[in-house]
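Let's take a friendly walk through a protein model together. Have a look at the picture, and then we will go through its features one by one.

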Amino acid sequence: MKNLVLAIALFSSVFAFSQQKEDWNLRGERKRTVQGIQSGEINRKEAAVIHKQAKDVKQAKRRAVADGVITPKERAIIAAQDKQLDRTIRRTKHNRR
């Protein structure tokens with residue numbers, strides 16, 4: 001019984017940490033976008049595209065967590081979407097406008 005409680009506590013803390021890490025990532029991307037808008041590197045149209053991509057990533061994360069288990073395939077899809085969002089932000093901020 002003691003081992004079961006310990007295993008559940010460990011699993012929940014690891015799961016909470018992974019969720020928190022993903023949320024930090026989106027916060028960082030949001031921060032980069034806001035900074036780009038304030039500095040004039042990103043215009044409103046570009047910000048709308050970035051916002052839509054971030055919304056898609058967030059929705060994919062919610063769908064993956066909905067059943068309680070994030071499969072490796074779901075994790076790979078989310079990672080690919082997140083990487084694409086990072087690329088979009090960087091390209092938009094450095095597009096020499």
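A contact here means heavy atoms within 4.5 Å. With that in hand, look at contacts in the protein chain with a separation of 6 or more: residues 24 or more positions apart account for 78% of them. Keep in mind that this is a predicted model, where local features need pLDDT of at least 70, side-chain atom pairs count only at pLDDT 80 or more, and totals for chains, interfaces and linings use all residues. Residues are numbered from 1 along each chain as its sequence is written, and side-chain values use heavy atoms, with hydrogens and water left out.

Which elements make up the chain? There are three helices and zero strands, in the order α-α-α from the N terminus. Helices (H or I, at least four residues) and strands (E, at least two) are DSSP runs, numbered from the N terminus.

Next, the surface. Of the chain's 97 residues, 23% count as buried, meaning under 20% relative accessible area with a 1.4 Å probe, protein chains only.

Now for the largest pocket, whose volume is about 280 Å³. Its lining has 14 residues, and R30, I50, H51, A54 and K55 lie nearest its centre. Helix 1 (2-39), helix 2 (44-66) and helix 3 (72-93) each give two or more residues to this lining, with the largest share, seven residues, coming from helix 2. A pocket is an open set of points on a 1 Å grid over the protein atoms alone, where a 1.4 Å probe fits, with protein on both sides within 12 Å along at least five of seven lines; lining residues have an atom within 4 Å of a point.

Methods
Buried means under 20% relative accessible area, exposed over 50%, partly exposed in between (1.4 Å probe, protein chains only). Grid points are joined across faces, edges and corners, and a volume is the space filled by probe spheres set on the points.
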